[in-house]
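Please have the model open as you read.

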Amino acid sequence: MSFLDRFKIQPKYKSTDPEVRAASVSELGEGEEDAAVLLALAREDSDARVRRAAVARIDDVSVLAAIAGNDADPAIREELLARLATIATNDAADRAVVALGALIDPKQIAAVAKTSPHDIVRTEAVQRLTDVKSLSSVARHAADARTAAPATERIHDPAELLNVATKTDHKEAGVSALERAAADGIADRAALEALADRAKNKSVAKRAKAMVQAIDDAEAAKRAALEQHQQRVAGAIARVEALAASTTQPGAAEQLDAAEAEWAQLVAGATHDVTAAERGRFTAAVAAARAVLEREAQERAEIEAREAQLAAARAARTALCERVEAIHGDDTLDRLAQARAEWEGLAPDPEAGTHDAFMARFEDACRRTTARFENRQESARVNARLDELAREAEQLAGQEDSPAYAW
């Protein structure tokens, strides 16, 4: 400093006394030079009291934001951020956006999102938020539904979504939170019932009731489907067991084949599990039915064979009776003897009445044939005798007509 400079009057803002510098701030005017001095004091003065006083007179939001991020005194930074939060909440949109950019406290940013009158500011504030609690607070308490909805979309914690659904006043945010919580599995039936009773927004409560009803309907449908499945399985098994118990009904083999085909389709397309016990029961019933069918087929074959044998034996007896009834000629007795030998070689008829009837017919045929033969024999003898008598008569007659000879 020169000798003359020592006698010059120094401006108060250059005083070495901080209190003087702080007091000088209020004396600075609105001109550019004074504004530059004020800015320098706010940014560079070594005393916090001076900087605080200078900052109080600055209205440029960009400057305030810069100082709030760089001032060495935490108290000044905190005061500036509170001031910027007020600007971001209440001031014009252009100034509010700049002020919002300087804020770092999620609570202050959330307050801006909830209360700012400007859409652009609220949207920017929501985009600045990252923590779940702040986003949830905006979703629950934002003055405008257009802010609550995007805040809700940025929440990914199911429990907090359920909290939003319960407490928000806004329909879109509440319903969205509810549906996303339900999709994440946290909103079970009990939670939905509670929400239907306690949700602040009526649309959310109504949606919760509808979701409870949907759960009940789905459970009822599941029960009905299970019951239908069980009935189909039980019916298929019962059908085969019935065939196993009574396979004599017409078309039993075809019915069993059809039952097995239907069972295969049922198992392949079943919406529920067919248990090992059910499969085993069906398989056992089929095996039992097949065994009965085979046994009955064998029994029918045996019966048919016996009936065929019996029919053949009866046909043989009938034919032998007819042969005896038709015997004629001199060899009748020989042929009768042969017929009797054949008859005695036949097995007795298993039905006593039929056997007796055949025996009676055969014996009658034999008697009548023998009688015919004997009658013919007797007739032949009589005829021969008559012929002989006739010849004798003729001889006698001839003798009577011839002349008598005297002896």
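A residue is called buried under 20% relative accessible area, exposed over 50%, and partly exposed in between (1.4 Å probe, protein chains only). With a relative accessible area of 0%, S136 is therefore buried. This is a predicted model, in which local features need pLDDT of at least 70, side-chain atom pairs count only at pLDDT 80 or more, and totals for chains, interfaces and linings use all residues. Residues are numbered from 1 along each chain as its sequence is written, and side-chain values use heavy atoms, leaving out hydrogens and water.

S136 sits in helix α9 (residues 132-141); helices are DSSP runs of H or I, at least four residues, numbered from the N terminus. Leaving aside residues up to four places away in sequence, S136 touches I155, E160, N163 and V164 (contact means heavy atoms within 4.5 Å).

Now to the charged pairs. A salt bridge puts a side-chain nitrogen of Lys or Arg within 4 Å of a carboxyl oxygen of Asp or Glu, and the count comes to 35.

E342 belongs to helix α17 (residues 332-345) and R323 to helix α16 (residues 276-325), 19 residues apart. E342 is partly exposed at 33% relative accessibility, and R323 is partly exposed at 39%. Elsewhere, salt bridges that share partners join E325, R361, D364, R367 and R368 into one network.

Technical notes:
Helix = DSSP H or I, 4+ residues; strand = E, 2+ residues; numbered from the N terminus.
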